[in-house]
Amino acid sequence: MGCPFRCAYCFLQIVPYFRFNKKYLMGLVYRNWDQMLAELDEWLSATTARMLLVGELQDGLVFDNAYKAITGKALTHHLIPRFAAQRRHRLIFLTKSTLIKHARHLQPTPQVVFSWSVNVEYAARRWEIGPPLPSRRLRAAMEMKKRGWTVRIRLDPIIPYDENGEHWRDGYAQIIDQINELGPEMVTIGALRATSTALGTVAAKNGRAADIFRYLTAEKDPSGFKYRIPFDKQVEMYRFVVERLDRRRTVPALCKEDVSVWKAAGLRFNGCHCLLEGTQVPRELMSAGSFKAVIEKDPRDGISSETR
Ligand code: SF4
């Protein structure tokens, strides 16, 4: 858990465990890591296809050296062979790290995806204190792709900055062109958001650039889920990204957004896309009641005819 990269917008800062155990916010590896691997083996025995994401409560790759020092093996070396040994479940490493020196010694497998979270260079310098610059992350992504791994990109959080002679349109145009050169399987787009106004207060206390939160609205989104950038601006930015992205090679997708946002951004809602099998919706999702309800409401928003 935790992460040493100290991004201003990181939600880990308001996770109760880290608020009360501040020193662990920078990262920890649990002593009972062998129990985690035993649980993973049990998880892998499930008969329903699943996707495991390493990178929700921590950066997915940054602890590879720490695992090597503590357990004798990098985390990638613990996990990847387990996933490579079967064909049902998949694993995603979500990361801002460029620590690929352990993973590059492993054979690529379609059961594992590396997903780099990137942003424009200006936003990264302003609001991400610790991680390597996005240009370096993209270089690591390119190397892994050339080695035969499936690579995805997360362009998140998009920020509507217009300051110091820098404008979001110029910055995102540049990074999208670089992403197009890479040609990832998928790009997940997300905009700045916060579950609680406490995030800004805690970020300031943690010495992070809390001025980023001035871009958020004073009220939560209609679903009462999060504070976000104003809807029209969010849609304008999503459209800008989607239209510039090379969609012949890369599938664009949104994360945890309402179907109305997909529609406004010119995208067809296609299920919880991290789970996509390539560009297709898994059968088990198609049979889920909530998914069916969306499809039945407006069939054009749903799964493509070839997946029906
Ligand atoms: S890299 Fe991710 S997990 Fe780490 S501080 Fe930044 S947002 Fe948080």
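Predicted model: local features only at pLDDT ≥ 70, side-chain atom pairs only at ≥ 80, totals over all residues.
**Strand 2 and its partners**
- Both faces of strand 2 are covered, with Arg90, Ile92 and Leu94 buried on one side and Leu91, Phe93 and Thr95 buried on the other.
- Strand 1 (residues 51-54) pairs with strand 2 in the parallel sense over four bridges, and methionine 51 has arginine 90 of strand 2 as its bridge partner.
- Strand 3 (residues 112-118) also runs parallel to strand 2, joined to it by five bridges, with valine 113 of strand 3 as the bridge partner of isoleucine 92.

- Six strands form an open sheet with parallel pairing, in the order 1-2-3-4-7-10.
- Strand 1 and strand 10 (251-254) stand at the edges with a single partner strand each, so one side of each is left without a neighbour in the sheet.
- Neighbouring strands of this sheet are turned against each other by 25 degrees on average, direction ignored.
- Strand 7 (residues 186-191) and strand 10 run parallel and are joined by four bridges, and proline 252 in strand 10 is the bridge partner of valine 187.

**Packing and contacts**
- Helix 9 (residues 231-244) packs on the sheet, where it touches strand 4 (150-158), strand 7 and strand 10, and its direction makes about 160 degrees with that of strand 7.
- Among contacts in the chain between residues at least 6 apart in sequence, 70% join residues at least 24 apart.

Definitions and conventions
Residues numbered from 1 in each chain as written. Buried ≥ 20, exposed ≤ 12 C-beta atoms within 10 Å, placed from the backbone. Helix = DSSP H or I, 4+ residues; strand = E, 2+ residues; numbered from the N terminus. Pairing = 2+ DSSP bridges. Contact = placed C-beta atoms within 7 Å. Axes fitted to C-alpha atoms, helices over the stretch in contact; angles between N-to-C directions.
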